[in-house]
Amino acid sequence: MAAVNGSSSNIQGVPTHVKSICCIGAGYVGGPTCSVIALKCPHIKVTIVDINPVRIAAWNSDVLPVYEPGLDEVVRECRGRNLFFSTDVDAAIKEADLIFVSVNTPTKTSGVGKGFAADLHYVEASTRRIASVATSSKIIVEKSTVPCRTAASMRTILESNSTFAADGTQISFQILSNPEFLAEGTAIRDLFAPDRVLIGSLDTQQGKAAANALSEVYENWVDRSKVYQTGLWSSELSKLAANALLAQRISSINSLAAICEATGANVDEVAHACGLDGRIGNKFLKASVGFGGSCFQKDILNLVYLSESLGLKEVSDYWHQVIKMNEYSKERFARKVVSTLFNTITFKKIAVLGFAFKKDTGDTREAAAITLCKYFRQERAFIAIYDPKVTTNQIMLDLTEPGVVDDAEAVRKQVRIATSMQDACDDAEAVIICTEWDEFKNASKQEWEAIYKAMKKPSFLFDGRGIVDTKMLREVGFKVHAVGKGPVIVDPVWA
Ligand SMILES: NC(=O)c1ccc[n+]([C@@H]2O[C@H](COP(=O)([O-])OP(=O)(O)OC[C@H]3O[C@@H](n4cnc5c(N)ncnc54)[C@H](O)[C@@H]3O)[C@@H](O)[C@H]2O)c1
């Protein structure tokens, strides 16, 4: 059979050696993932496309739209060599033998499944685009996190719209699931050395051929033993399951943090003691104000919706509780701030350190800081925010309630973006640490002394990430509250 679009051979229309890749969606996943593929596979042409021209212009500039340690170096080495960023979606689809669909799948905000189900219209639009412009057979790879059996819908769309190639043969599409497990902040490290690469395919000769072709791409730098091939549905469900299990650990330790505060136990000691058990392990047991990020909440809500749609109410309730515990953690922390500041923060200045959902990323989606700042705004506090990587525009956008008239103006009156920790804390009554940036964790005693000096007295510090040395800060003079570390209660029997 004739070669397809530069791929050296094919099995019944499936490209077997990938020469050209298109990635639809130049976001937090598509950008870093396909840049690393370009770096590790100099013989493959990689084109990352997006309908957002501002994002593509940023990828082609010196200031990339995504902050990730190590990403600049990767892009600098490959861009213009075998890595291209473009808004010409159709041209890139036509040229590719393999297409990653890496578009956003946010939680639906209206219609059936509102607040729970994944909004798949970006995935569907990309699939329809592929079907309408492709002139040769292709491997289509779901990179986005999608509910179980989405590949079946993609297949129906592609097959109902497939046409014939110039030589008269029918174009065929093979769909694979290849969920991305990278974590923002460590994306490049995760992509260079993944724990596993999961590839789901149909159990047919063509399905397996497509999975092997994708595996061959990864095997340019990932050991074959780390590539795990499964069925399509297992692969799709495994991504939701992995995020649900990780988030469940955070909600579990946060529920125990509340008990620690009430009893005088120390959550770090409890987490360490539990983590020493090899069956439990020590990862994802750090108590905090709550988890954020674009994935955990969205993917668990997706799982909740999926279970409910399948008539599995108890399963749905079980996973929903992980989200409810996270909401509770954020609210409990915010209430603690107000009650400690003598039950009112009206017209008081609160310094918020960190706005990103975690360190080493500029991503603020579902960040705990957003919930806390909205709570503080309702209590009519003045807020000064400092984050090393999040832009002023992004913070203002996140704090504005869409559709509320004059809200942007109100936010500007109540919120100021500071240029440093010291700048945020000057004249404040309380400091709230929302993100575990190293800059806050590693601040010296002298720096904290200068901050303390410039604050109103008494000066409160609330550590929502458990990163600061509470003993040192108390020596400086702060009144400190850290999640999961209550005051030591002396039992009258022992006193
Ligand atoms: N962010 C993470 O850490 C992470 C990790 C693993 C998986 N995921 C999953 O990966 C997917 C992408 O996430 P993200 O964080 O990169 O999202 P993102 O919003 O940063 O990027 C998605 C991009 O797709 C573009 N897009 C949407 N429709 C398009 C179309 N029809 N044609 C071309 N471009 C289109 C958007 O303009 C946007 O730039 C989601 O399903 C997410 O759940 C995310």
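The model is predicted: local features need pLDDT of at least 70, side-chain atom pairs count only at pLDDT 80 or more, and totals for chains, interfaces and linings use all residues. Residues are numbered from 1 along each chain as its sequence is written, and side-chain values use heavy atoms, with hydrogens and water left out. The ligand is surrounded by 25 residues, and the shell draws at least three residues from each of domain 1 (10-222) and domain 2 (268-482). These domain bounds come from an automatic or database domain assignment. Helices (H or I, at least four residues) and strands (E, at least two) are DSSP runs, numbered from the N terminus.

**Ligand site**

- Asp50, Arg55, Thr105, Glu184 and Lys298 are the closest of the 25 residues around the ligand; a residue counts as near if one of its heavy atoms lies within 4 Å.
- The shell holds eight nonpolar, 10 polar and seven charged residues. In this classification Ala, Val, Leu, Ile, Met, Phe, Trp, Tyr, Cys and Pro are nonpolar, Asp, Glu, Lys and Arg are charged, and the others, Gly among them, are polar.
- A polar contact is a pair of N or O atoms within 3.5 Å; within protein, one must be able to donate a hydrogen and the other to accept it, and residues adjacent in sequence count only if both atoms are side-chain atoms.
- Asp50 places a polar side-chain atom 2.6 Å from an oxygen atom of the ligand.
- For Ile51, a polar backbone atom is 3.4 Å from a nitrogen atom of the ligand, while an N or O atom in the side chain of Ser294 is 3.5 Å from a nitrogen atom of the ligand.
- On its own the ligand has 840 Å² of accessible area, of which the protein covers 92%. Accessible areas come from the Shrake-Rupley method with a 1.4 Å probe; for residues, only the protein chains shown count as cover.

**Annotations from UniProt**

- UniProt, in an unreviewed entry, places the feature "active site" at Cys295. UniProt positions are given in the numbering used here, feature names are shortened, and annotations may be inferred rather than shown by experiment.
- Cys295 sits in the loop between helix H10 (267-275) and helix H11 (296-309).
- Cys295 counts as partly exposed because its relative accessibility is 29%; buried means under 20% relative accessible area, exposed over 50%, and partly exposed in between (1.4 Å probe, protein chains only).
- The unreviewed UniProt entry also lists residues 351-470 as "domain: UDP-glucose/GDP-mannose dehydrogenase C-terminal".
- Over residues 351-470, the chain is 39% helix and 16% strand, with its end C-alpha atoms 18 Å apart.

**Buried positions**

- Gly31 belongs to helix H1 (residues 30-40) and is buried, at 0% relative accessibility. Its C-alpha atom is 7.0 Å from that of Ile48, 17 residues away along the chain.
- Val89 is in helix H4 (residues 89-95) and is buried, with a relative accessible area of 12%. The C-alpha atoms of Val89 and Ile24 are separated by 7.4 Å, although the two are 65 residues apart along the chain.
- Ser144 occupies the loop between strand S7 (138-142) and helix H6 (150-161), and its relative accessible area of 9% makes it buried. Between the C-alpha atoms of Ser144 and Thr105, 39 residues apart along the chain, the separation is 6.9 Å.
- Gly207 is part of helix H8 (residues 205-218) and is buried, at 1% relative accessible area. Gly207 and Leu176 are 31 residues apart along the chain, and their C-alpha atoms are separated by 7.7 Å.
- Helix H13 (residues 368-378) is mostly covered, with eight of its 11 residues buried. Among them are Ile370, Leu372, Tyr375 and Phe376.

**Backbone features**

- Most residues other than glycine have a negative phi, and most peptide bonds are trans.
- Arg380 lies in the loop between H13 and strand S12 (382-386).
- Asp427 has a positive phi near 70° and lies in the loop between helix H16 (421-425) and strand S14 (430-433). At 44% relative accessibility, Asp427 is partly exposed.
- The peptide bond from Lys457 to Pro458 is cis, with omega near -5°. Pro458 is in the loop between helix H18 (445-454) and strand S15 (460-463).
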